[in-house]
Amino acid sequence: MDLTFADIKAARTVLADHLPPTPMWSYPLIDRRVKANVLVKHENTQPVGAFKVRGGLNLLAGMAGEKLVTYSTGNHAQSLAYASRVFGADCTVVMPAGTPQVKADLVESWGATAVRTGPSLEAAETYAREFAAMTGARLISPGDTPELLAGVGTLYVEILEARPDLDAIVVPVGSGTGAAAACLVAEELAPNCRVIAVQAEASPAAHDSWRAGTLLKRPNRTTAAGLATGRGYELPQRLMAGRLADFLLVTDEQIAEARRVLATAAHTQAEGAGAAALAAVLAHPDHFAGRSVAVVCTGANTEE
Ligand SMILES: Cc1ncc(COP(=O)(O)O)c(C=O)c1O
């Protein structure tokens, strides 16, 4: 199934009853450092601490009373758990055995069931598939479910309605749902605005898949959980192909520095993935000097 801008507009109507728009501010110390106008979109202020909740609410709005299962290490899990509580669905999340207890606790705090098993996210996915086959629960892919992309796309509508003059939006990528949706929104609302994706050098599967034009598997070693995927996902890659302006890589050290800048200059707690967009701007000031650019602070769920 394909996704269009109309699906994102429809998601906006669904979400209007559940989430206020998030703030977007610029900060003089950041602007001075990169010699650009940088707007930080604060998705870290969402009720689960991350932008993913937009996708979960949009998906679950059509699934009241249903049983679902998914696999995740963090924010996608919390998103579906939160939305399942709002819409009264029965949600099970399979997480790798090594997932910190606090992430399982957060999922269960919204009334969902967290199952921690297996050595990796791939193993959790296999278990979730078996669980779906055994119980009849609907298996939700974190990357290839159109309703999730439509939901997260609403944040880019907010950005570009407020600032249609932007030169660029920088989006952190794990599976690519946010970046793919951003491409569709920019195409419709601000065709001159470049959508630039960012992934961690230590987990480059989405980046390498986009550059190669084919789905690839790659080592997955970043400590930024939201960016940690070992494979390209079909739906986001198909939408990003030919639409994304560029795809940058940042090191985990550059992400750590961007987290410090957000904490001090923008008074903002960001997890690694939430700081990756700013990390890319700090690491490539020549790409952005003199321009207006939005960086999405996608999440705040740290384990510290
Ligand atoms: C905070 C945060 N930022 C960015 C991402 C990447 O999003 P996507 O998988 O849609 O590319 C995630 C994914 O879980 C995340 O949790």
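Start by selecting Lys35, which sits in the loop joining helix H2 (28-34) to strand S2 (37-42). This is a predicted model, so treat the tour as a look at computed coordinates. Check the backbone here: Lys35 is not a glycine, yet its phi is positive, at about 55°.

Next, jump to His267, in the loop between helix H11 (252-265) and H12. His267 also has a positive phi, near 55°, and is a residue other than glycine. Is His267 buried or exposed? With 9 other C-beta atoms within 10 Å, His267 is exposed.

The shell holds 18 residues, and the closest are Gly174, Thr177, Gly226, Thr298 and Gly299. Helix H4 (75-87), helix H8 (177-189) and helix H12 (272-283) each give two or more residues to this shell. Color the shell by residue class to see four nonpolar, twelve polar and two charged residues. Then color by domain: domain 1 (5-50 + 146-297) and domain 2 (53-140) each supply at least three shell residues.

Finally, zoom out to the whole chain, with its 13 helices and ten strands. Its radius of gyration is 18 Å, close to the 19 Å from the globule rule for 304 residues, so the chain is as compact as a globular protein of that length. Of those 304 residues, 55% count as buried.

Terms used. Residues are numbered from 1 along each chain as its sequence is written. This is a predicted model: local features need pLDDT of at least 70, side-chain atom pairs count only at pLDDT 80 or more; totals for chains, interfaces and linings use all residues. A residue is near a molecule or strand if its C-beta atom, placed from the backbone, lies within 6 Å of it. Helices (H or I, at least four residues) and strands (E, at least two) are DSSP runs, numbered from the N terminus. Ala, Val, Leu, Ile, Met, Phe, Trp, Tyr, Cys and Pro count as nonpolar, Asp, Glu, Lys and Arg as charged, and the others, Gly among them, as polar. Domain bounds come from an automatic or database domain assignment. The radius of gyration is taken over C-alpha atoms; the globule rule is 2.2 Å times the number of residues to the power 0.38. A residue is buried if 20 or more other C-beta atoms lie within 10 Å of its own, exposed if 12 or fewer, and partly exposed in between; C-beta atoms are placed from the backbone.
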